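Biologist: I've got a structure open here and some labels to sort out. Can you walk me through them?

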Amino acid sequence: MGVGSAQACAVLAPLPAVPAGALRVTDFGAVADDDLADDAAIDRALKALQPGGWLVFPPGRYQQARSVLVSVPGVTLWGPGATLQATDPRDHTLGLRADGVRLYGLTLTAAPDQRRSEPAQARISLYREGPTPQRGNVVRGVTVDGAGSVGMLVYGATDFTIAGNTVRHTLADGIHTTGGSRHGRVLGNQVHDVGDDLISIVSYDNEPVVRDILVADNTVSGARWGRGLTIVGGAHITLRGNTVTGIARAAGVLVAQEGNWRTHGVHDVRIEHNRLREIQTPAARVGVTAAPTGHAAIELHTHAVPDGAAGLGDILLQGNTVEHSRHGDLRQRAGRLVQTTPGAQLDCRRFSGH
């Protein structure tokens with residue numbers, strides 16, 4: 001798996017300590033727990049940051065009436081005990097828009113009204129706005145409770161870490177990686193009760209392939225409509241040591257190329273030592289009326305792709321366990337499985353200090 005094993009790549013650095021001289025949003029006029037919008041104060045604090053600086057949210061609840069974008073490189077937002085409560089479901093992202101931005105400990109809430117799809121409607125977004133990938137973003141120990149779109153959107157990012165977070169009650173995916181993102185880690189997150197896929201990797205064919213991603217040691221459950229873990233277009237991906245339970249309609253793990261969504265094929269994938277339970281069973285479908293898809297617990301397929309499409313290839317399955325799957329453990333409808341180790345993936349040195 002490149003430099004080091006999957007286990008080595010999953011090692012996280014200790015959390016940093018708040019340095020002396022860190023700025024506080026309360027120094028710029030934000031007032032916790034007064035039920036008034038704090039956007040202007042947060043903007044003033046962000047504009048005062050220098051590259052490498054810190055902004056602390058002291059404990060309490062702050063109101064966010066519109067999207068907040070962090071555009072200074074190398075800064076850290078720190079907020080254990082603090083809640084950022086979004087009030088407009090059309091415009092409520094906390095956007096990391098510069099290299100090296102780190103986000104620790106905040107709780108982000110929202111009251112979504114309907115399923116939405118724009119970056120401004122993801123509760124957290126790591127989003128490339130130009131041709132150059134955004135590098136070195138970190139989101140750790142954050143809670144997302146509610147989003148009209150996805151809980152965490154990773155688009156066009158590289159060398160990123162999403163670890164130890166809780167995501168729940170989103171109307172689209174929990175954690176969604178796309179836009180040619182690469183060299184990333186999604187580790188030890190808890191994702192529950194979302195409207196679509198719990199953790200997804202998607203590569204649309206008008207964008208570069210998402211590649212070199214480790215999805216490990218996550219616990220996901222309660223997909224009402226979608227799947228547990230998905231790779232729909234991607235290369236050099238490892239799904240390792242994840243626990244997937246309570247999937248109502250579809251696969252616990254899906255690897256696919258989907259022509260109707262115009263996605264790339266999938267190759268060079270490891271699916272190992274994952275635990276899947278209650279996939280489309282009556283217990284998983286309590287309160288769900290939509291018909292199940294018939295996917296197996298682990299589903300490998302192509303759908304509506306043209307002749308000569310890349311399809312699926314070089315997929316290693318080992319050490320996975322399945323309990324209580326309505327349609328069986330594994331279904332393969334395209335591609336080839338090889339019982340050899342796929343090629344090199346992550347270079348763990350990219351994640352030092354995260």
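Modeller: Trp225 touches Gly195, Asp196 and Arg249, leaving out residues up to four places away in sequence; a contact means heavy atoms within 4.5 Å. This is a predicted model, where local features need pLDDT of at least 70, side-chain atom pairs count only at pLDDT 80 or more, and totals for chains, interfaces and linings use all residues. Residues are numbered from 1 along each chain as its sequence is written, and side-chain values use heavy atoms, with hydrogens and water left out.

Biologist: Why is Trp225 called partly exposed?

Modeller: Buried means under 20% relative accessible area, exposed over 50%, and partly exposed in between (1.4 Å probe, protein chains only). Trp225 has 46%, so partly exposed it is.

Biologist: What makes Arg61 and Asp35 a salt bridge?

Modeller: The rule wants a side-chain nitrogen of Lys or Arg within 4 Å of a carboxyl oxygen of Asp or Glu. Arg61 and Asp35 come to 2.6 Å, N to O, so they pass. By this rule there are 15 salt bridges.

Biologist: How do you know whether Asp35 is buried or exposed?

Modeller: Asp35 has 52% relative accessibility, so it counts as exposed.
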